[in-house]
Amino acid sequence: MSRAILLSVRFHDGRYHGEPAHGTGEWPPSPARLFQALVAGTARGITLEKEDRETLIWLEELDAPTIAAPIVRTSQPFSNFVPNNDRDLVEAGSKSLGKIRTPKTIRPHVFDASASLLYIWLFGSSRREDDYARNICKIAKRLYQFGRGVDMAWAQAELLDESQVEARLFGYEGAVHRPSPDGSGASLPCPRKGSLASLERRFNWKRFSWNGDGGKFQEQYSQAPRPSFAPIAYDCSPKRYLFELRNVDIPADLAARPLIAAAAVVQKARDRSAKRLFAGMPKLADKIERYLIGRGASNADKMARVHVVPIPSIGHSNADMMIRRLAVYVPQPCPLAPSDIAWAFDQVVWVNDDGVLDTELQLADADTMVQRFEQREQRWRSVTPLALPIARRRRIEPTRLVEEAKGTDKRAIEETRAIAAVHRAVRHAGVRASITKVYVQREPFDRNGERAEAFATGTRFPKEALWHVALSFTTPVAGPLLLGDGRYVGLGLMRPDEMMSDVLAFNIEDGLADAAKPSIVARAARRAMMARVQDCLPSNETIPTYASGHAEDGSPTGDVVHRHIAVAADLPRQRIVYIAPTRLQRRSVRWWDIKEDHRLTARALEGMNILRAGKAGYLRLGPAVFEAESDPLFSAARVWESVTEYDVTRHRRRLGDEEALKADVIAELSRCSWPRLPPDALEVLAVRRGPRGKLSGRLRLVFPTAQPGPLLIGRTAHKGGGLFVGSKSLNHQSLP
């Protein structure tokens, strides 16, 4: 049986100020931060005892630990003004010294000071490993600080059997974060082989040196290398129970409720299950009121409240969107036991208008319908409207629709107010990702959806406060996603919109050299992608073919249908775009065949904000989201012009350069399932021969009808070559 190290950390003040480098709050504190605190506590200057060094090397090679953390709330931010590292620009003693200080925003996490953070590593049962584990218990006692300098803490460790660990976690009042096997969840840096050596290298780095240039010595600063840690996805998912609505007379048949009855279905199921809990557990009446029904719940209780989510039937444009299932999510911090919640909801019954029992809830296994709402996506749109009471529309008397009709200026003001309310609703729902675009309307986004006003019946929300919303985030957000004031009664249910999920884009915000070549930027972006994908994999796994374009033995795949991701540097619009083969090959590649590999790549690229592109510059990146309907790379156009040079895939020596270039492009278009063009529909803008006779050039393609992009073809298509953009420079009347 495996054994475990349970390391418990207590804070002096019940506050945690530590933040990662990218500035967003970090909770729970990462295992990498704990590893650094252990190294700092046991080291004596630059010296580590031999036994301690061997023990820490053993610890860094263990699998990522399980973390149990207390429930926290984020305090109000405050700013400290600190020097901006340019004091040499101001004379000593000058009154202007205060003007060079810059604000540093601090927003600590606040929690119960008596609660402990638990970190649990599993290890084998050999005598040598037992010796290392006992030494970890000694090293833990030397910890004195965990986070920033003000985060004073102490720790103790104990050795337990695996069964004892589960018993401790079962009674823990907080959230348990476990390493996610499928890579879903928040990513935390964890120690890996070489982490200790990287910390020592960083500590001993000489940041200042003298360099002689032209007979003069100048002091130079060089940044210390970053420590080496592995990003590990941690899952703190709530316990989910799925219930099906079944006909009492024919239990094998699913019962269906209309979509507009979403709030009524949720409220009836919630209230009747609460009644069963009141009868069976009267001592928990206060907790049932707060965490299941929501009466008397404070803002601090929101993260622990039970969510009852109606699951309409989706997945096809003609799906009827009727409610046949309910999903009940019990967060880990909830003081009500998940098994008790499941018992309370099981066999909840409905009585029709005639007083006859006709429907009951039955506990069921998970199915693909509920999983559709739990995906991680950047784009979401509402199925049931969001309740935004602070963004009510002006009510129009039904008998005076013409006289009281709103002008465009009034509608614009109402929609602007609603968009601001959506931002607030996202923040209140605990979603950290930033919003890039928001659309609000009353009409549904789905063919069989319902207008927003139809959902007001039987709720406390006026119809003027209900809005259908579509929005995009900078990074993928995990579902189920419910927004707005009605999210606990089934309103504000969002569904993933996978329209552009197969495209990942970054804006180049700064650092691009004036004469930067797209090929250099694209190759640097491709190398960065593969490096980040490798960091997300176990040490014994190779980069998948989807990211590398090579087989396991390192050889090119040689597949005529390119099934790996392409990288394009769209420098005219200052961005880098990663495009899945489903976009490039049209009918030759199915999304379901590459979906998991693409999501792994998307997770690896999350948070990438720096790209070292050699002569092209030190690029600062930001996430980009764009619309296919309006983007020049993706919107439909008849005329397509080269952005980067097209490299031919094969030599046609019997033809002239222009004829060979045209013939090769026609063949590539056919391979990608684009319409076949006659040679006179291709105009060669430039052609050249490389040092080894390789042929390349730039072209303008004119199609009979408008074609949606992207168009990325040629020998170097997956490295940024052969990129085309839809052109509107030619008058439609002059086109052939």
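Contact here means heavy atoms within 4.5 Å. With that in hand, let's work through some exercises.

The model is predicted, so local features need pLDDT of at least 70 and side-chain atom pairs count only at pLDDT 80 or more, while totals for chains, interfaces and linings use all residues. Residues are numbered from 1 along each chain as its sequence is written, and side-chain values use heavy atoms, with hydrogens and water left out.

**Exercise 1. The inward side of α7**

Task: Find which residues of helix α7 are buried, and what they pack against.

Solution: 
- Step 1. Helix α7 covers residues 285-293. Helices (H or I, at least four residues) and strands (E, at least two) are DSSP runs, numbered from the N terminus.
- Step 2. Apply the cut-offs: buried means under 20% relative accessible area, exposed over 50%, and partly exposed in between (1.4 Å probe, protein chains only). In α7 the buried residues are Ile288, Tyr291, Leu292 and Ile293.
- Step 3. Look down the axis of α7: these buried residues fall within an arc of 160 degrees, so they line one face of the helix. The arc is taken from the directions that run from the helix axis to the C-beta atoms.
- Step 4. Their packing partners are α6 (262-280) and α8 (338-345).

**Exercise 2. Two helix pairs**

Task: Describe how α6 packs with α7, then do likewise for α1 and α5.

Solution: 
- Step 1. Two packed helices are described by the angle between their axes and the distance between the axes. Axes are lines fitted to C-alpha atoms, for helices over the stretch in contact, and angles run from 0 to 180 degrees between N-to-C directions.
- Step 2. For α6 and α7, the axes come within 10 Å and cross at roughly 165 degrees. That makes α6 roughly antiparallel to α7. The classes are: under 35 degrees roughly parallel, over 145 roughly antiparallel, 65 to 115 roughly perpendicular, and the rest oblique.
- Step 3. The crossing of α6 with α7 is right-handed. A crossing is right-handed if the near helix is turned clockwise from the far one by less than a right angle, and left-handed if anticlockwise.
- Step 4. Arg270, Ser273, Ala274, Leu277 and Phe278 of α6 meet Ala285, Ile288, Glu289, Leu292 and Ile293 of α7. By class, this contact has seven nonpolar, one polar and two charged residues. Ala, Val, Leu, Ile, Met, Phe, Trp, Tyr, Cys and Pro count as nonpolar, Asp, Glu, Lys and Arg as charged, and the others, Gly among them, as polar.
- Step 5. Helix α1 (residues 31-42) and helix α5 (residues 195-203) pack at about 60 degrees, with axes 11 Å apart. They are therefore oblique to each other, and their crossing is right-handed.
- Step 6. Phe35, Gln36 and Val39 of α1 make the contact with Ser195, Leu196 and Leu199 of α5. It holds four nonpolar, two polar and no charged residues.

**Exercise 3. Backbone exceptions**

Solution: 
- Step 1. Most residues other than glycine have a negative phi, and most peptide bonds are trans.
- Step 2. Proline 480 sits in the loop between β23 (466-478) and β24 (481-482).
- Step 3. Proline 710 is in the loop between β34 (695-707) and β35 (711-712).

**Exercise 4. Cysteine 137**

Task: Is cysteine 137 buried or exposed, and which residues does it touch?

Solution: 
- Step 1. Cysteine 137 belongs to helix α3 (residues 127-140).
- Step 2. Its relative accessibility is 14%, so cysteine 137 counts as buried.
- Step 3. Not counting residues up to four places away in sequence, cysteine 137 touches Ala157, Glu158 and Leu159.
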